Amino acid sequence: MTAATATIERDPRTQRLLEAPILPLLVRMALPNVLIMLAQASTGLIETFWVSKLGTDALAGMALVFPVVMLMTMISAGAVGGAVSSSIARALGSGRRADADALVLHAVVVNLGIGLAFSALFLIWGRPIFTALGGRGAELEAAIIYSNVVFAGNVFTWLMNGLGSVIRGAGNMLVPALVSVLGVVFLIPVSPLLIFGFGPIPAMGIAGGGLALVLYYAVGAAILGLYIASGRNPARFRWLPLQARHFAGILKIGALSSVQSVISNVVIAGSTAIIALRLGVEAVAGFGTGIRLEYLLIPMVFGIGAPMVALVGTNAAAGLEARARQIALTGAVLAFAVTEAVGLIAAAFPVAWLTLFSAEAEMIEAGRAYLQIVGPFYGFFGLGLVLYFAAQGQQRLTMPLVAGIVRLVIALGGGWLALEWTGDIRALYLALGLGLLAYGLIMLGSVLRR
């Protein structure tokens with residue numbers, strides 16, 4: 001035991017974060033989070049698979065809406081959800097049981113409020129938003145139908161993720177993971193049932209896909225809420241007066257953490273809009289189908305990054321700066337290896353992924369070019385994103401913001417210019433890949449420099 005860790009009496013859980021071998025500890029903490037995020041990302045893939053059977057217009061319409069739906073998941077589960085978990089963990093760890101109980105109610109209020117606000121935004125202004133993103137004709141109508149159903153029930157997305165964060169904050173990773181995985185099992189038969197109909201259930205088309213997603217989150221929120229209400233969770237529901245300090249704690253951390261999610265989705269939504277305006281519905285469908293694979297990388301990296309916030313923050317606060325830096329670099333290597341492997345496989349076998357969703361020749365060609373060009377850069381995306389979590393633990397968020405802005409400028413600004421000059425979608429894809437490269441290298445350089 002070092003002098004830095006011996007001078008303060010700590011509970012065994014905290015001591016383990018300071019002394020356990022880094023790689024096994026990080027893997028054990030990451031696995032449940034990866035499971036949760038993969039399960040939630042899989043809901044979008046299941047929806048995409050069945051909606052693709054309705055034709056290219058429906059697939060392109062869903063491609064317009066999907067980045068926004070994923071943004072809701074990423075912010076509610078990763079950004080605001082992380083703020084909820086950390087607030088409750090700190091309250092329980094310091095023995096402030098009353099504050100932990102109060103935070104449960106505050107978390108519910110925050111998630112209900114934000115969920116309802118986003119519902120109102122897209123139910124009222126959905127058409128101009130998706131038109132601005134490049135939606136036209138039948139694809140726009142499909143996007144509006146799907147968006148209206150999903151955002152009518154958006155509050156359940158926020159509520160389920162908020163309640164899951166309450167449980168994870170108390171140290172229980174298993175219950176939220178089981179609910180998410182069982183929800184995906186529920187979605188596999190329900191989604192085609194509502195899209196295509198069977199017996200007395202009418203075929204609802206793309207609206208049925210949206211309704212299945214809403215039901216997934218509604219049932220999940222109910223199960224998690226009942227678990228907390230049963231008293232088995234250390235932080236319990238209690239009707240206590242609402243306090244500004246609890247709201248401020250959650251919203252401040254959540255707002256800072258949301259920047260990364262917003263930048264990633266702005267890049268994807270902006271690219272979709274550029275392609276829609278210049279190249280048409282088949283290109284949008286191909287790009288949207290290819291980009292689904294990038295969305296699968298995010299839960300993998302979130303799973304590794306979420307425990308890094310606690311690991312890096314705890315060690316840095318204890319004066320173990322060298323160990324904190326080693327944790328950051330270990331997580332970076334792990335994230336790079338996983339995401340780069342996915343990218344290289346996708347680049348080598350792009351058609352195997354794309355034909356899961358459509359056999360349309362132009363769609364497959366647009367998606368193939370995306371995966372072959374951008375796939376080899378996926379490792380730098382994983383590298384940069386996981387080091388963002390390390391920066392959260394250090395409470396040093398300047399470089400992640402700089403890296404995100406640089407990526408945004410290269411990907412969208414450079415991509416638009418490249419497409420304008422060449423008229424070739426591959427030039428836009430190269431700009432997207434270079435944006436990922438710059439993002440990862442800037443984040444790595446900030447850690448190595450320190």
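Author: Helix 7 (residues 154-169) and helix 9 (residues 206-229) pack at about 35°, axes 8 Å apart. Helices are DSSP runs (H or I, at least four residues), numbered from the N terminus. Axes are lines fitted to C-alpha atoms over the stretch in contact, and angles run from 0 to 180 degrees between N-to-C directions. This is a predicted model: local features need pLDDT of at least 70, and side-chain atom pairs count only at pLDDT 80 or more, while totals for chains, interfaces and linings use all residues. Residues are numbered from 1 along each chain, and side-chain values use heavy atoms, without hydrogens and water.

Reader: What makes the crossing of helix 7 and helix 9 left-handed?

Author: The term applies if the near helix is turned anticlockwise from the far one by less than a right angle; clockwise is right-handed. Helix 7 passes helix 9 in a left-handed crossing.

Reader: Which residues make the contact?

Author: Contact means heavy atoms within 4.5 Å. Helix 7 contributes residues including Phe 156, Leu 159 and Leu 163. Helix 9 contributes residues including Tyr 217, Ala 221 and Leu 224. The contact divides into 14 nonpolar, four polar and no charged residues. Gly counts as polar; Ala, Val, Leu, Ile, Met, Phe, Trp, Tyr, Cys and Pro as nonpolar; Asp, Glu, Lys and Arg as charged.

Reader: How confident is the predictor in helix 9?

Author: pLDDT is its confidence in each residue, from 0 to 100. Among the elements of the chain, helix 9 has the highest mean pLDDT (92), helix 1 (residues 3-6) the lowest (45). The chain mean is 82.

How values were computed: Helix = DSSP H or I, 4+ residues; strand = E, 2+ residues; numbered from the N terminus.
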